[in-house]
Amino acid sequence: MPLKSCRKAVRALIVAASCATGTLWAAAPVQPPPESGALKLDQTIQDLKEEVLQFNSDASALEQNSLYPSYSRTSVFLGVRLSGLLIKEFSVTFDGGAPEKFTFDEIESLAFLQNKGLRRVMRVNLEPGQHKIRAEFIAQFADAKPDALPITGNLEAIFDKNYNNTDLGLMLVRTGFRAEPSLTLEQTRSAR
Amino acid sequence: MRTSLILLVAALSASTAHAADVYVPGSKNDPNLRAAQYQSDEGRYFSSLTELLRMDSESKLSNDARWLMAEDYLSFGMGNKAEPLYRDIAQTTEDQLLLGRARLRLAEFSYQRGYLDEARSALLKMQEKLPKKLVEQWQDLLSRVLMAKGSYSEAVSVLTNLDNAGKQSQYTRYNLGVALINDGRAPQGRDLLDRVGRMRVMTLEDLALRDKANLTLGWHFLHNQLGGSAKAIFGRVRSQGPYSNRALLGLGWAELAPRGAKQEHSDVVNPEDQPFFSSFSTLGVLLRPGFVDNDIFKRAGLRNFRLEKLAKTEDAALKRALVAWVTLINRDPMDPAVQEGWLAIPYSLDKLGAHTQALQFYEKAVEQLELNRKRADAAMGSIKQGRMVDTIVKRDIDAENGWTWRLTDLPDAPETYYLQTLLAEHRFQEALKNYRDTRMLAHNIDGWQDRIKAMEAAYQNPDRANVSPDVLVKQATENKTPVWTDTNNAPTELRSEDTLSVPGAYDKPLGEESKATPEVELASGTPTQAQSDHEKVEALKGRLVTLQKSLAQANDEQSKILQTLAIKELTGQKKQIEKYLVEARFALARLYDRQMKGELNDK
């Protein structure tokens, strides 16, 4: 191994080890605590974070209302309800239009499996009335052999866009004991 | 006809979604909450919080949503906001384990950020209702907080009062060992460190901890003139690892230090304790007989010599010390241990009477140290120009993982080599996280400039006004049971009416019954809530400018704090290099002087 890369590897290890354990550097000599100025600035930054968050919340609510008025707003959510299934690609199209395509890296694929979260993949404006949705996916199980063919599938469905914000949930599930993973469509609305 | 038929068949073959399920906003089934959960799971705490705050402004959040919010606040480095949320949830939740974990995480945040008193007080407060499963974690964290405050005796009490040593992690045992030594109970401390230094390893982290324990114990023995014990301990450290250079330095000194008394091991038998065995190459291997005897002087660049005045054992010890140090000086010259190695060799040679060889090595040492002083100056320049911090956080600038962000490796810049220890300390890491966060937030706010322009364009779009009134009425009445009725108790139908006069155009006199002026109470001042969307956008623009300024200022201040820390550390190291240089030059002058007087007659 060349000296430089060896040195870099060791350096990476020092940082990784100390960060991962959190205690390695806590021993004698004990780390000096930060100065009071640093703590004061930390407080200021925590307050600033709250202001920026509030700004983002207000601005995104306005943005949503201006770009996607609620009578036409249609949100598409994607979820994976199959343990170990990593979704790689996904596309969705309405009424035969151009498909919107999405690819997911490992962190994104894993996030689907952690706490039954849903990813809001898109928002579109659709007139109230009947619409056709088509979605396709490419996925693979985490423990699949490297040469295993990817799992693919698609869904076509008709849904009624009502006069209020419409939420469409596309779920990757297994509909039967031996069934292949497939997509299902769930339409939900707020009780408010 | 044929086309219509195909369309009909296609329409029938496509499945139809069931009637929409209804969810309570902010509840577990709200897809927006699940979307916030997804964002949190992929480490986008800022986006998740933005979604949750928007939901919070529209409806009451469920406990699930509030819990997620607290977790996100903490992960994004906002302990101040997380703490009251956890406290509120604690009033209603039954899950003490979940709550306990959250409180420990909050205390860990306070500890790492440097709020030691707050961390200590929070940990002591939770002791009463502490779930059994969290006892060891609690002990570990509280002991670290106490050690950081310098309260070693209290830390030892926390770790030993419950008599649960068997359940404690190796990290906790290591900390207990250090606390015991610092508290004046060296034999017990040594015993614990010795056990950690012989532990069975499963991961790279374990290896690092084992090396660290051996390094700490080895230097402790060396400081107490127990060279024999130190030598064996240093020999356990891996030859390539984060602690190997310091151990090599110590190993050399241990060879020349007084052996000291043999150390007794504790009588307590722990089944996990193993005689030391490692499949990794350790420093002890360096001192194998053939390696020492063959050509150590050649490897050191010295002519082979034998000091007549030295006893055979001293000569052998010197050779073994040289093996360690010659290996050391061929390593990273920016490591302070390596720099010390350059001085250790001639110092020992001189002490042992090999003056000519010492003189040669001092000359080489001065050359190396001068080079290092120049490097340190260059590093200082880079830090002062703010390049160092920027280089470190260059990657993943938009990552939203706040407090959970970890610096996993260092860029190949000269200053980072000098600051490795500082870079791993909490005070630097946490400041670095804040610096990253303020940059990310500034980037986010800058991005809103274009988004606000797009919003304004959308409001001015002439097509936007063409929403049919029928659509708006249907929107308002959809899924709602009318509560209003007419005189016949039949529901009043709400419909759009486009034949009414425009406001102000109705000029017929009002009936008598309408003449009475209704009493109207006007609120004083301008209503703050009745802002149009346009006004809200204008207000956003003002807030954006203010935030840009505040973030730039905070980022600048944080950068200065990081610079000050780095410069202080580097100045200390530069002073050390200069001290070594003075020592080397003084020794050289002394040796030249003696050479001129003809006193250097080593054989």
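Okay, let's start where the two chains meet: between chain B and chain A there are 6 salt bridges. By salt bridge I mean a side-chain nitrogen of Lys or Arg within 4 Å of a carboxyl oxygen of Asp or Glu. The general idea is that side chains of opposite charge can pair when their charged atoms come close.

Before I go on, some housekeeping. This is a predicted model, where local features need pLDDT of at least 70 and side-chain atom pairs count only at pLDDT 80 or more, while totals for chains, interfaces and linings use all residues. Residues are numbered from 1 along each chain as its sequence is written, chains are lettered from A and ligands numbered from 1 in the order in which they are written, and side-chain values use heavy atoms, with hydrogens and water left out.

A:Asp42 bridges to B:Arg113, with the closest N and O atoms 2.9 Å apart. B:Arg543 and A:Asp58 form a salt bridge too, 2.9 Å from N to O. B:Arg543 sits in helix 25 (residues 533-596) of chain B and A:Asp58 in helix 2 (residues 36-67) of chain A, so this pair joins two chains. Helices here are DSSP runs of H or I, at least four residues, strands are runs of E, at least two, and both are numbered from the N terminus. Over all chains, the salt-bridge count is 39.

Now the interface as a whole. Chain B puts 112 residues into the contact and chain A puts in 88, contact being heavy atoms within 4.5 Å. Together they bury about 9400 Å², 60% of it on carbon and sulfur atoms; that's the accessible area (1.4 Å probe) that two parts lose on being put together, summed over both.

What about strands? To count as paired, two strands need at least two bridges found by DSSP. In that pairing, A:Thr188 is opposite B:Asp21.

Which strands make up the open sheet, and in what order? There are 5, running 4(A)-1(A)-7(A)-8(A)-2(B), with mixed pairing. At the edges are strand 4 (119-125) of chain A and strand 2 of chain B, each pairing on one side only. Within the sheet, strand 1 (residues 73-80) of chain A pairs antiparallel with strand 4 of chain A over 6 bridges, and A:Thr74 stands opposite A:Val124.

One last stop, in chain B. B:Asp335 is in the loop between helix 17 (312-329) and helix 18 (336-351). B:Asp335 and B:Gln420 are 85 residues apart in sequence, yet 9.4 Å apart in space, C-alpha to C-alpha.
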